[in-house]
2 protein chains.
Amino acid sequence: MPRRGTATAMAAGGRRATIRDVADRVGVSLITVSRALRRPEVVSGPVRERVREAVEALGYITNRAASGLASGTSRVVPVIVPSLARPAYAAFLDGVQAELAGQGFQVLLGTTEHRVDVEDQLVGALLGWAPAGLILSGVDHSAGTRRRLRGAGIAVVEAMDLADEPLDLNVGFSHRGTGEAAAAHLADGGRRRVAYAGTQTEMDQESVKRIAGFRAALRERGLPDHYILRGDEPSSLAAGGTLLDDLLGRFPDVDAVFFGDDVLAAGAILECRRRGLAVPGRLAVMGADDHEVASASTPAITTIAAPRREIGAVAARMLLDSIRGGPPEVRRVDVGFRIVERESTKGGRT
Amino acid sequence: MPRRGTATAMAAGGRRATIRDVADRVGVSLITVSRALRRPEVVSGPVRERVREAVEALGYITNRAASGLASGTSRVVPVIVPSLARPAYAAFLDGVQAELAGQGFQVLLGTTEHRVDVEDQLVGALLGWAPAGLILSGVDHSAGTRRRLRGAGIAVVEAMDLADEPLDLNVGFSHRGTGEAAAAHLADGGRRRVAYAGTQTEMDQESVKRIAGFRAALRERGLPDHYILRGDEPSSLAAGGTLLDDLLGRFPDVDAVFFGDDVLAAGAILECRRRGLAVPGRLAVMGADDHEVASASTPAITTIAAPRREIGAVAARMLLDSIRGGPPEVRRVDVGFRIVERESTKGGRT
DNA sequence: TTGAAAGCGCTAACAC
DNA sequence: GTGTTAGCGCTTTCAA
């Protein structure tokens with residue numbers, strides 16, 4: 001350690017103050033201090049007050065490692081998301097964090113970049129903290145991870161998507177459903193050659209399901225379901241433009257496109273404008289996630305909105321309830337989604 | 001604990017496997033296992049291999065609390081940001097997380113909502129984990145937090161903004177500078193009644209500094225510096241529209257507005273369109289953060305871009321270097337920012 | 001309401 | 001290259 005503590009408020013010797021130091025200063029036993037800190041109601045008023053003063057004076061901070069080791073659990077909750085680059089997950093994380101922090105729990109962050117092997121590793125590493133519970137986004141995990149999580153004996157929430165057989169607790173909405181709804185919306189608007197275009201779709205189970213729902217709904221209506229385009233760069237306006245180029249190169253006759261997210265859709269619309277291609281006249285464009293860019297584009301983009309931040313908050317609440325009160329009756333919450341209709345899919349050729 | 005472990009891979013008795021169980025199974029002492037796990041090169045090949053197998057078979061996971069307690073430090077780094085709702089901070093966090101995870105460190109997340117008292121509390125709580133280092137966004141902290149952090153004897157990075165007197169390490173760009181640059185850009189484009197409009201500006205030190213730089217640069221040019229509007233709702237397209245309304249109500253003659261972020265600017269542009277107010281003809285509009293909405297708006301919005309994700313990555317690298325090699329020679333990195341000029345501030349009345 | 005003893009699972013230091 | 005010993009700072013019994 002290259003640095004050295006120089007703060008005034010410290011135990012003699014320059015060490016960080018321990019519960020022992022606080023006890024000595026107050027003149028009680030160490031365990032009394034521990035109790036005064038964790039369950040103030042069980043110690044006498046005067047003692048409680050003097051402990052408070054000594055803690056303040058010494059700058060005492062509970063050592064979480066010691067506390068966790070002795071008690072076998074810690075007030076920490078690992079939260080695993082695919083990525084922070086996508087606003088949808090940032091919003092989810094925000095919801096979780098706000099709710100958990102309010103209850104004195106800390107979030108340990110992990111990102112998988114949509115890779116199952118990374119998730120396996122992360123779960124292993126994070127379980128080492130003896131967490132009170134764990135929140136995962138997504139419902140598709142390796143067999144090893146599922147076994148490990150069940151074996152850990154802690155509360156687990158799978159969030160964002162809906163699980164057929166939840167590991168424990170589950171909150172989200174149907175990604176398959178969003179695909180079906182998008183196809184229905186475009187087809188019912190009179191579009192006949194309806195495409196999907198997205199990036200990094202193979203690894204991301206959410207888009208795999210969305211595409212499956214999308215294609216199924218098209219087939220049901222007797223429409224072709226093979227206008228599917230997958231890119232591999234991350235989402236950006238530029239990527240949206242490129243996707244549109246590729247799409248029109250491969251399928252020149254498409255009359256509607258559902259993009260993996262609003263940023264791609266907005267980028268495609270910019271490209272349409274460059275090409276002088278009318279939206280929605282010639283081509284209907286639809287996105288997902290209800291990103292600001294969808295309302296700010298011209299034309300404004302029809303999108304799919306889901307309460308991502310609220311999913312995070314609900315996930316956190318379900319977890320806390322389970323930690324405190326045991327398994328709840330409601331193990332699975334479907335928060336739903338809705339289509340926000342805007343200009344980019346208006347009209348069509350009914 | 002309402003649940004119970006039922007996994008197959010466990011030590012006898014249903015407990016979670018400890019290093020002791022691994023040692024017994026391999027037939028070596030416990031410390032040998034510990035070494036095989038942390039510094040494989042110091043144990044013999046065969047032992048290393050048998051430990052690996054036993055770990056696998058038992059599903060052993062290192063107990064971080066025990067490890068941290070025994071060693072006095074942990075591979076965990078608290079990262080404190082004002083909020084996750086703003087994409088700029090999500091990008092920063094993403095950069096930190098990616099870099100740290102790659103080196104086997106875990107991120108403990110804290111958000112302050114721009115409140116100094118919350119930051120104080122968070123720092124206290126998070127130091128309890130005996131972290132290897134700590135990353136804060138912002139450079140303005142309470143005296144108590146400064147003292148505490150210095151006393152903790154760990155590496156600390158203040159990120160995003162530039163500090164006059166860094167606590168330890170510092171990486172970011174000048175927020176005052178962005179304000180000056182925005183004012184200069186608008187004034188040099190011939191605008192004479194130049195306004196600033198933002199939300200939640202009192203608590204956010206970054207915007208306080210940006211406004212200070214903005215006003216100073218206007219005064220330097222002999223322009224009025226009192227066209228300043230502060231809202232108090234969070235940033236959104238709607239809030240941008242409202243700000244524009246208020247602004248034109250109070251200062252009907254403004255000819256340019258610098259918004260606190262691109263989303264507000266985009267919302268204002270939508271409102272201008274509703275009112276039939278020409279941008280940039282009648283009013284120049286400028287934003288900040290280089291959000292997608294700035295390129296996707298019509299007209300496209302001039303903005304200020306800074307490498308937020310990279311700041312996070314650099315912060316993480318500086319921290320790791322400091323943890324591993326002691327205080328580095330470079331303690332302060334200015335990553336700079338740039339104005340991205342687009343249509344929304346073109347022309348003017350030179 | 002308070003205290004004493006024991007030990008959580010690991011690592012540092014020092015043998016061998 | 002491997003083992004022994006002694007804690008790290010707290011919480012959990014159990015007892016007073």
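1. Helix H4 of chain B contributes the most to the surface near DNA strand C, with five residues; helices here are DSSP runs (H or I, at least four residues) and strands likewise (E, at least two), numbered from the N terminus. A residue is near the strand if one of its heavy atoms lies within 4 Å of it.

2. The model is predicted: local features need pLDDT of at least 70 and side-chain atom pairs pLDDT 80 or more, while totals for chains, interfaces and linings use all residues. Residues are numbered from 1 along each chain as written, chains are lettered from A and ligands numbered from 1 in the order written, and side-chain values use heavy atoms, without hydrogens and water.

3. DNA strand C is surrounded by 24 residues, the closest being A:Thr32, A:Arg35, B:Ile19, B:Ser34 and B:Tyr60.

4. A polar side-chain atom of A:Arg35 lies 2.6 Å from a base nitrogen of DNA strand C.

5. Between the protein chains, the contact (heavy atoms within 4.5 Å) takes 62 residues from chain A and 62 residues from chain B. There are zero salt bridges between them, a salt bridge being a side-chain nitrogen of Lys or Arg within 4 Å of a carboxyl oxygen of Asp or Glu.

6. Strand S2 (residues 106–111) of chain A pairs with S2 of chain B in the antiparallel sense over three bridges; pairing requires at least two DSSP bridges. A:Leu109 has B:Val107 as its bridge partner.

Methods:
A polar contact is a pair of N or O atoms within 3.5 Å; within protein, one must be able to donate a hydrogen and the other to accept it, and residues adjacent in sequence count only if both atoms are side-chain atoms.
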